[in-house]
Amino acid sequence: MSQPAIQTVELAYRSYGTDGPPLLILHGLLGSSGNWHTLASKAFAPHFRVFTLDLRGHGRSPHAHPIDYPTMAADVLAFMDAHEIDRAHVLGHSMGGKVAMELALTAPERVDRLVVVDIAPRAYEPRHRVILDALQAIDPARYDSRRAIDEALAAHVPEAPIRQFLLKNLQYDPDTRRYTWQMDLEGLIRYYDRINEAIADGRRFTGPVLFVKGERSDYITDADLPAIRRLFPAARLVTIPGAGHWVHADAPEAFAREVLAFLTEKD
């Protein structure tokens with residue numbers, strides 16, 4: 001029995017640069033294309049035509065279900081088709097890294113070089129459940145300022161940098177004078193188990209792959225290397241000193257240096 005066709009959505013995006021090969025950048029859970037503005041514009045745009053995408057349920061992209069890796073990868077492939085991008089370098093962080101892996105394994109002929117940032121192809125425990133519950137517990141429309149929402153969120157999420165990241169999902173409607181969450185919070189909660197799932201085994205992408213790990217992060221461990229090598233036999237791993245899970249934010253210069261060296265090296 002054939003599987004039903006995946007219903008893709010048109011992804012919102014930002015673009016940078018006009019010359020060079022295309023580079024697609026995919027954000028992580030609860031992120032958006034704007035998270036990559038500085039690196040995309042300053043580090044990567046001089047070398048590539050950069051597209052930072054809002055994955056479904058995030059940023060300005062549609063709220064559509066399901067939210068899983070085959071569907072999100074199909075959205076990215078549809079974006080490439082719509083923009084007449086035959087092949088591209090693809091970079092993804094965390095959840096976006098799994099989307100990038102799924103895309104490379106599903107349509108290897110469309111991916112040139114692959115960069116996976118601080119995520120492995122395995123299943124993960126529900127690390128973000130507390131954050132999702134905290135966001136669900138707060139109705140932004142009840143508050144009259146970002147500061148008040150931040151103070152309410154602090155009772156659940158004490159780490160200021162994480163709150164700052166989460167508050168980028170706030171949008172303000174000047175007509176109603178109300179704040180709302182821009183992301184599809186209910187959908188992300190509903191499909192959170194799927195977001196934590198492993199990338200399906202039994203496939204291979206034989207092109208060049210760079211896994212980038214933060215030194216202070218435990219998202220990629222030595223135990224993950226066999227699965228990485230099985231799916232991506234040409235993969236190499238670099239560790240960015242002093243960086244945590246948000247490698248590109250913790251050490252942007254070192255991160256950009258490693259990624260550019262990989263993407264611009266001669267085959």
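Two strands pair if DSSP finds at least two bridges between them. By that rule, 7 strands of this predicted model form an open sheet of mixed pairing, in the order 1-3-2-4-5-8-9. Helices (H or I, at least four residues) and strands (E, at least two) are DSSP runs, numbered from the N terminus. Residues are numbered from 1 along each chain as its sequence is written. Because the model is predicted, local features need pLDDT of at least 70 and side-chain atom pairs count only at pLDDT 80 or more, while totals for chains, interfaces and linings use all residues; side-chain values use heavy atoms, with hydrogens and water left out.

- Strand 2 (residues 22-26) pairs with strand 4 (residues 88-93) in the parallel sense over 4 bridges; leucine 24 has valine 90 in strand 4 as its bridge partner.

**Helix 11**

- Helix 11 (residues 252-264) has 13 residues and reaches 18 Å from its first C-alpha to its last, close to the 18 Å expected at 1.5 Å a residue; the expected span is 1.5 Å times one less than the number of residues.
- Ala254, Phe255, Ala256, Val259, Leu260, Phe262 and Leu263 of helix 11 are buried (under 20% relative accessible area, 1.4 Å probe, protein chains only).
- Helix 11 lies across strand 2, strand 4, strand 5 (111-117), strand 8 (209-214) and strand 9, and runs at about 155° to strand 5. Angles run from 0 to 180 degrees between N-to-C directions, with axes fitted to C-alpha atoms.

**Valine 111**

- Valine 111 belongs to strand 5 and is buried, with a relative accessible area of 1%.
- Beyond its neighbours within four places in sequence, valine 111 is in contact (heavy atoms within 4.5 Å) with Arg87, Ala88, Val90, Leu103, Ala104 and Phe205.

**Pocket and cavity**

- The largest pocket (an open set of points on a 1 Å grid, with protein on both sides within 12 Å along at least five of seven lines) has a volume of about 690 Å³.
- Its lining has 30 residues (an atom within 4 Å of a point), of which Phe165, Lys168, Trp246, His248 and Ala249 lie nearest the centre.

Terms used
Buried < 20%, exposed > 50% of the residue type's maximum accessible area, 1.4 Å probe, protein only. 1 Å grid on protein atoms, 1.4 Å probe; cavity = no way out; pocket = protein on both sides within 12 Å on 5 of 7 lines; lining within 4 Å. Points joined across faces, edges and corners; volume = space filled by probe spheres on them.
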